[in-house]
Amino acid sequence: MNRKNRKRLVASAAAVSMLVPLAACGGNNSAKSDSTSLQIFTQAATYEGKLDGYVGKMFKDKLGLSNISVVPATVGGTDRFQTKLTTGQLGDVVIFTSRDSLKKAIDAGQVIDLNTIKDQLPNAFRFTDAIARMENTDDGKVYAIPSGVAQTAELTKGDPVNVPSLRYDYYKELGSPTIKDYWGYKDVAEAMAKAHPKTENGDNFYALSLFGGWDSKSAGQIRNIANAMGWAITDGVNGYDFINIDPINKRTEDLLADGGTYLQGLKWANSFHQDGMLDPDSATQTWDDYLKKGEKGQSAMWVYGYIGNLNFNPVNKDLTEQKKGYERITNESMSIADQMTSTIGTNWFWAITKNGNHETAAKFLNYMYGDEGSFTYENGPEGVIWKMNADGKPEFTDLGNSDWSTSVPDDLGGGKVQDTFKARVNGSFMDPNAVDEKYGSPSAYNVWDTYLVDHASNLDKEWSADHDGAINVKEVLVNNKQVTGFPVKDVPVKEWSDTDAVIVSQVGDAIKQYSWKMIYANSDSEFESLKKEMIAKAKNLGYDKLVEFETKYAQNYFDAE
């Protein structure tokens, strides 16, 4: 899985919690009496049709399910969830992508209490913390099993998104300068852009390129810089829009605090603009445009580090073999608060419907919450695109190492390599970054030792040699004691009142709009004037109330065992 399309999918998944948009076709509700059929209703993907190919063959061989259909909630921009809920046509099993959606199904009587069939779900019920979380929430009932659960809380092997990548050969040209803190990346990136104003193919080369299409209540990439400084914007259950939290030292930071991380970040980005080194399309470009710039290497630095090493490098193999391309670069002050694998799961949930075939649905869920299910979800059945090697470690087969669009032989089930369960349905069962007991490894292939070593380019090998043999930047952070794991705790879910939800939207819109104006300010005085206007407008709209509300939820996390 080392070719262009697969890397684009992995990179996108790293930043958007694994949402995988795909094409659509058709599906029907399964009959209770048909034990070979199963219908999956998903709020997490847009594929509609049969789960066929090599994954479909596996379900037929393993569970006798020869007809698994997938029905998405959203088709062509239209959300069918409420209609399906009202008519009781949610299929046999459902992946809900929010507690709110699950609650609607509970209130409508459309999902069953899994405690009534727990003897059929031993694999799911072994996640006792997750089960207790559901029982505590719903008066002893278990209406769903959380997605993304793990049996133990542990630090993952995956690289943090917000360790930036820089053009590594240019970095070495500069003498591999020490970078004191995050703001120090600017001098290095600008020096690269001054020395190399154009890419190898003649495109403009900027010191920094940004993207605003995923902005929520602030300029998202600038907000996320805090993740490289010991702050987090989620506790694993609740996300925070107007404060940063320090889950290790139990403190919070007001997003708009004078001298705080966010305002420093806006000033930092603005300084690139004032120097003529910021990509002028940063505020308006689409994600596809941004990825294309990533693949063409048009920025010396990428705030979301994977844009460099997972987007540029795989499609520029001729350059990486010449030791040219992007690698993750830490700084001396870097401190990562890293969310550990969660024993209570995420706020996505798998449920069995009232009108579905309960026995067949339970058989399916029990398998998927088992050890094989974790690997099946990510990579399909053993022996097709992956296998266990002689050292007892998972690795790709020749087929798995081929292009994403390669056809799978008919005797293995057919279809394309890309036709995984994850791609078509989405919504993990177990955390793919957790070490699976059966295989002794996470199911996510991009952290396998075999993958990182076998697919290392000459550039990767040089970076590794420069970092004491580390195979990824997570290992560097661990060795340098620059990363600390924090556990996900069973805390109350943050819920805005209808009135406050309106204020949240208004305040968020104001912060976003002013943030981009500040990034593009042409002088320090203009920047400061806009900053004062933004803070005054946000506070007049009710910002302080929102900060106080979120701070109480952060305290719930700090106080929880």
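## Sheets, rings and buried sites in a predicted model

L166 faces M301, its opposite number in strand 12. This is a predicted model.

Strand 8 and strand 12 (residues 299–302) run antiparallel and are held by two bridges. Both belong to an open sheet of four strands, ordered 9-12-8-13, with mixed pairing. Which strands stand at the edges? They are strand 9 and strand 13 (326–328). Each has a single partner strand, so one side of each is left without a neighbour in the sheet. From one strand to the next, the twist averages 20 degrees.

Another open sheet has six strands in the order 2-3-1-6-15-7, and its pairing is mixed. Strand 2 and strand 7 take the edge positions here. Each of these two has a single partner strand, so one side of each lacks a neighbour in the sheet. Strand 1 pairs with strand 3 (residues 67–72) in the parallel sense, over six bridges. S37 has N67 of strand 3 as its bridge partner.

**A hairpin**

Strand 10 (residues 243–246) and strand 11 (residues 251–254) form an antiparallel pair with four bridges. I245 stands opposite T252 of strand 11. Four residues lie between the strands of this hairpin, and K250 takes a positive phi near 55 degrees.

**Aromatic pairs**

A pair of aromatic rings is described by the distance of the centres and the angle of the planes. How many aromatic pairs does the model hold? The count comes to 44. One of them joins Y170 and F205, an edge-to-face pair with 5.7 Å centre to centre and 90 degrees between the planes. Y170 sits in helix 7 (residues 168–173), while F205 sits in the loop between helix 8 (185–195) and strand 9 (206–208). The pair therefore ties together parts that are 35 residues apart in sequence. Y170 is buried, at 6% relative accessible area. F205 is buried too, at 6% relative accessibility.

F486 and Y557 make another edge-to-face pair, with 6.4 Å between centres and 90 degrees between planes. This pair links distant parts of the chain: F486 lies in strand 18 (residues 483–486) and Y557 in helix 22 (residues 543–559), 71 residues apart. F486 counts as buried at 2% relative accessibility. Y557 is buried as well, at 1%.

Rings also gather in a cluster. Ring pairs link F59, F127, W350, F364, Y367, Y369, Y377, F421 and F429 into it.

**Lysines over rings**

Two lysines lie over the faces of phenylalanine rings.

| Lysine | Ring | Distance from the ring centre |
|---|---|---|
| K186 | F272 | 5.9 Å |
| K267 | F527 | 4.8 Å |

**Helix 15**

Is helix 15 (residues 371–379) mostly covered or mostly open? It is mostly covered, with seven of its nine residues buried. The buried residues are G373, S374, F375, T376, Y377, E378 and N379. Y377 is also a member of the ring cluster. Just after helix 15, G380 takes a positive phi of about 85 degrees.

**Two buried loop sites**

N162 lies in the loop between strand 7 (145–146) and strand 8 (165–167). Is N162 buried or exposed? Its relative accessible area is 8%, and the cut-off for buried is under 20%, so N162 is buried. Beyond residues up to four places away in sequence, N162 touches Y182, N224, N227, A228, V303 and Y304.

A44 lies in the loop between strand 1 (37–42) and strand 2 (49–50). Its relative accessible area is 6%, so A44 counts as buried. How far apart are the C-alpha atoms of A44 and A423? They are separated by 9.9 Å, although the two residues are 379 residues apart along the chain.

Technical notes
Residues numbered from 1 in each chain as written. Predicted model: local features only at pLDDT ≥ 70, side-chain atom pairs only at ≥ 80, totals over all residues. Heavy atoms only, no water. Buried < 20%, exposed > 50% of the residue type's maximum accessible area, 1.4 Å probe, protein only. Contact = heavy atoms within 4.5 Å. Pairing = 2+ DSSP bridges. Phe/Tyr/Trp six-rings, centres within 6.5 Å; stacked < 30°, edge-to-face > 60°. Lys NZ or Arg CZ within 6 Å of the ring centre and 35° of its normal. Axes fitted to C-alpha atoms, helices over the stretch in contact; angles between N-to-C directions.
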